[in-house]
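Please keep the viewer open as you read.

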Amino acid sequence: MLGKDYEGQECALASALEVLGERWTLLIVRDAFFGVRRYSDWVARLYIQRAVLSDRLRGLVANGILRKREDPERAGRQIYELTPAGTELWPALHALIAWGARHRRPSTNSYRHASCGTELGPGAMCPACGVVPPAADVLVVPRPGGVRGRTDAVSAAMRAERHLLEPIEARGYRAGAAPTRSAA
């Protein structure tokens with residue numbers, strides 16, 4: 001098993017990768033931007049093993065990317081939210097999404113500056129305004145003809161235009177129900 005640190009590396013990138021570089025971690029962060037806040041919703045959305053998800057969430061909380069608090073709607077359960085340090089990851093995450101869309105497969109979403117409606121450019125910059133809008137001022141707009149094969153309630157809730165960080169309410173998903181696997 002590979003270690004989690006980059007012993008002997010003194011650069012900021014190695015330090016960031018110690019927090020964000022494990023498999024599943026960036027997908028968990030991505031979904032937190034998309035409004036996923038509940039453990040059961042990540043399970044439904046990512047098909048991730050529960051032990052791995054628990055480990056990644058613990059690490060993200062310990063490293064100040066997510067904060068955990070009591071779920072006001074479900075006694076004894078927690079929700080996870082991005083911290084200010086976590087929300088600062090938006091431009092880097094957008095850059096990875098844009099790279100993937102250019103070199104791997106088309107993105108199922110576009111990302112627009114909510115204040116003016118302009119699609120974000122490189123580095124999450126709004127070309128019309130010349131600013132990188134904060135994540136809460138970014139609209140996620142599903143592209144027509146995007147992948148629609150996912151049938152879990154979390155993915156279905158993500159098909160609506162919404163602001164980043166707006167909580168997803170995945171109605172109809174039952175914790176423990178087997179999700180339907182199909183193209184993401």
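Helices H2 and H6 are roughly perpendicular to each other, a label used for angles of 65 to 115 degrees (under 35 is roughly parallel, over 145 roughly antiparallel, and the rest oblique). Their axes stand 11 Å apart at an angle of about 110°, with H6 covering residues 90-103. Here axes are lines fitted to C-alpha atoms, for helices over the stretch in contact, and angles run from 0 to 180 degrees between N-to-C directions. The crossing of H2 and H6 is left-handed, meaning that the near helix is turned anticlockwise from the far one by less than a right angle (clockwise would be right-handed). Helices (H or I, at least four residues) and strands (E, at least two) are DSSP runs, numbered from the N terminus.

A word on the model: it is predicted, so local features need pLDDT of at least 70 and side-chain atom pairs count only at pLDDT 80 or more, while totals for chains, interfaces and linings use all residues. Residues are numbered from 1 along each chain as its sequence is written, and side-chain values use heavy atoms, with hydrogens and water left out.

Now to the rings. Rings of Phe, Tyr and Trp (its six-membered ring) pair if their centres lie within 6.5 Å; planes under 30 degrees apart are stacked, over 60 edge-to-face, and the rest tilted. The count comes to 4 aromatic pairs, including the stacked pair of Phe34 and Tyr111. Phe34 sits in the loop between H2 (25-33) and H3 (39-46) and Tyr111 in strand E3 (residues 109-113), so this pair ties together parts that are 77 residues apart in sequence. Phe34 is buried at 5% relative accessibility, and Tyr111 is buried at 6%; buried means under 20% relative accessible area, exposed over 50%, and partly exposed in between (1.4 Å probe, protein chains only).

The rings of Trp42 and Tyr80 form an edge-to-face pair. Because Trp42 lies in helix H3 and Tyr80 in strand E2 (residues 78-82), the pair ties together parts that are 38 residues apart in sequence. Both Trp42 and Tyr80 are buried.

| Aromatic pair | Centre to centre | Angle between planes |
|---|---|---|
| Phe34 and Tyr111 | 6.4 Å | 15° |
| Trp42 and Tyr80 | 6.0 Å | 70° |

Phe33, Phe34, Trp90 and Tyr111 form one aromatic cluster. Arg162 lies over the face of Phe34, at 5.5 Å from the ring centre; the rule asks for NZ of Lys or CZ of Arg within 6 Å of the ring centre and within 35 degrees of the ring normal.

Arg162 also leads us to the sheet. Strands E3, E4 and E5 make an open sheet of 3 strands in the order E3-E4-E5, with antiparallel pairing, where two strands pair if DSSP finds at least two bridges between them. The edge strands are E3 and E5, each pairing on one side only. E3 and E4 are joined over 5 bridges, with Val138 of E4 as the bridge partner of His113. E4 and E5 (residues 162-163) share 2 bridges, and there Arg162 is the bridge partner of Val140.

How many residues of strand E4 are buried? In E4 (residues 138-142), 5 of 5 are. Val138, Val140 and Pro142 point one way, Leu139 and Val141 the other.

Finally, Val132 is placed in the loop between E3 and E4 and is partly exposed, with a relative accessible area of 37%. Its C-alpha atom is 9.5 Å from that of Trp90, 42 residues apart along the chain.
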